[in-house]
Amino acid sequence: MSQLYLYPLWVRVWHWVNAAIFLVLMYTGASMHFNGAGWLMEFQTAITVHNTAGILLTVGWIGFILGNLTTSNGRHYHVQLKGFIGRLTAQSLYYGYGIFRNAPHPFHPSAEAKLNTLQQITYIGVMYLLMPLLVLSGWAFLFSVYLPETLFGIGSVWVVAIAHLTLAYLLVLFLLVHLYVITTGETPMTNMKAMLSGWHRDSHQDTEA
Amino acid sequence: MSDRDSESRLTGPAPALAAGWLLILSGLAPNLACAESETVDNQGCLRCHQMATLAYRDPGTGEIVDLSIAPMALSHSAHGKLACSDCHSADFDRYPHPKRLKEETLSCVGCHEDQDDADQRLYRFETIDEEFERSVHATSDHPKAAGFSCHSCHDPHAFRNSRVGEEIRQIVHDDNAICLSCHKKVQDPLRDPHAWLPKREKHRESVRCLDCHTPLTEAGQPVSHRILAAEDSNRDCVNCHSKEPQLLNRLYQYRSEEDLASKGWVSKAVFNEAYVVGMSRSPLIDRLALAVIGITVLVLGAHGYGRYRAYRREQEDQA
């Protein structure tokens, strides 16, 4: 039985607050986008809740970036180029094939590296690319009067709206995959428990976060 | 559609009356042959009726009844190839016109539905008739709506459909001119009921009155003839502005400017009253995204099932 303290309190608080905000944004966003369907929130309420949650998400995202800049958590997002392709291939082969053959995990989390290479590039893509673009497109939506009338020859509001929508769908997709992949620990609940308590517990060391 | 040259002559309640009398006097009648004449010789009639001043004052109503027909407008109209006697009684060739002809009425619907190609036309006149019967022009008790008929808007001696290639602004102008020839209040900035409408003049130049004052036609015809009363007409900007990105852009920016100017940044960020339904709608992206999400769920489900099978195998091996 090994124990690793991988998730400091601020990371856990940020993670769960961010998750809750994201669920609210998904529901209210769908309520605005598909307004008229019965199970959705009332339109004007959805706008207010969505915008408020969006402001909180922005604050949370800035907090996450500042946290990574000022604490050791940031090192998990520094890609080690040496052996990158090999690690990525090994991880992909494990998820695509080895996992069905009860093969051993190719990655072992440690205090230095809690994320496997596939997770690492996914989270970098989500937190350092998609999320800021989503947040920016949200703010651009609100203050579109300060944008040029057209972007790429098309009405700027439409460009912003479609970008916001596409990014939102991509992040919903991420959420689905994320929810599934966290069940691939030693037991389906291993990783979930780690994000709740901060401690990654394993009966053998060949597990991952 | 447009009604060329008609609005200058048909004003107020006069159009209905003028059209009615015109038909009565010029021969409203049994000869609804509706056939297109190969050779049209209307000179006999036009000899008198092309006089721009041919008119009389109706003793009953006191209104001036205009009997003049502009030959150029007639020849360019939808009915330009018809002989007068195709619609009007041949007996009108006698002058003075026989008094009995006054009793006859002329039916647009009957004639148009008898045409061979009636079912291939954009408009079925039976549908138009049904729609018109529910129109505010037919149901209103207003004295000015009394006797309202097809001819109140469509001067049969000048009317023609707009054609592809004509400038839209001109079509809109001509179309709205028909409405404005009676609806004088709309032209008075102090009494115009459209005061609530942002950029009123821009709307009037680019949007037909009909676009807001008719329901979306259920019969598949381009425009419904069921003209709606003001209170039933479309006042929801979103109905038009969410369907076309350029319009949407303008509407949203206009409302955003209003929001920022009147309520400030914070209120704009939280409440964003400018947001309109459908702003981010893109059927292609929606379908694509929902398909990808659906496929992902299936793949994840299959992956999970594969893992479960592997887990069971491992359990069995250990046992």
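Me: Start with cysteines. How far is the sulfur of B:Cys179 from the closest cysteine sulfur, and in which residue is that?
Reply: It is 4.0 Å away, in B:Cys209, and that is too far for a bond. A disulfide here needs two cysteine sulfur atoms within 2.5 Å.

Me: How many disulfides over all chains, then?
Reply: Zero by this rule.

Me: Is B:Cys179 buried or exposed or partly exposed?
Reply: B:Cys179 is partly exposed, with a relative accessible area of 22%. Buried means under 20% relative accessible area, exposed means over 50%, and partly exposed is in between (1.4 Å probe, protein chains only). B:Cys150 is partly exposed too, at 34%.

Me: What should I know about the model and its numbering?
Reply: This is a predicted model: local features need pLDDT of at least 70, side-chain atom pairs count only at pLDDT 80 or more, and totals for chains, interfaces and linings use all residues. Residues are numbered from 1 along each chain as its sequence is written, chains are lettered from A and ligands numbered from 1 in the order in which they are written, and side-chain values use heavy atoms, with hydrogens and water left out.

Me: New topic. How many aromatic pairs are there over all chains?
Reply: The search of the whole structure finds 14. The rings of A:Tyr94 and A:Tyr95 make a tilted pair, because their centres are 5.7 Å apart and their planes are at 50°. Rings of Phe, Tyr and Trp (its six-membered ring) pair if their centres lie within 6.5 Å; planes under 30 degrees apart are stacked, over 60 edge-to-face, the rest tilted.

Me: And what about A:Phe141 and B:Tyr252?
Reply: That pair is edge-to-face, 5.8 Å centre to centre with 75° between the planes. A:Phe141 lies in helix H4 (residues 117-142) of chain A and B:Tyr252 in helix H13 (residues 245-271) of chain B, so the pair joins two chains. Helices are DSSP runs (H or I, at least four residues), and strands are too (E, at least two), numbered from the N terminus. Both A:Phe141 and B:Tyr252 are buried.

Me: Which residues touch the most other members in the largest nonpolar core?
Reply: The core has 21 residues, and A:Phe22, A:Leu57, A:Phe64, A:Met127, A:Met131, A:Leu134 and A:Leu171 touch the most others. A nonpolar core is a set of buried Ala, Val, Leu, Ile, Met, Phe, Trp, Tyr and Cys residues joined through side-chain atoms within 4.5 Å.

Me: Which helix gives the largest share?
Reply: H4(A), with seven residues. A second, separate core of 17 residues includes A:Met32, A:Ala46, B:Tyr252 and B:Met279.

Me: What is A:Met127 in contact with?
Reply: Leaving aside neighbours within four places in sequence, A:Met127 is in contact with A:Trp14, A:Trp61, A:Phe64, A:Ile65 and A:Pro132. Contact means heavy atoms within 4.5 Å.

Me: Last one. Where is A:His33 found, and is A:His33 buried or exposed?
Reply: A:His33 is in helix H1 of chain A. A:His33 counts as buried, at 5% relative accessibility.

Me: Which residues does A:His33 contact?
Reply: Neighbours within four places aside, A:Leu165, A:Tyr169, B:Ser280, B:Arg281 and B:Asp286.
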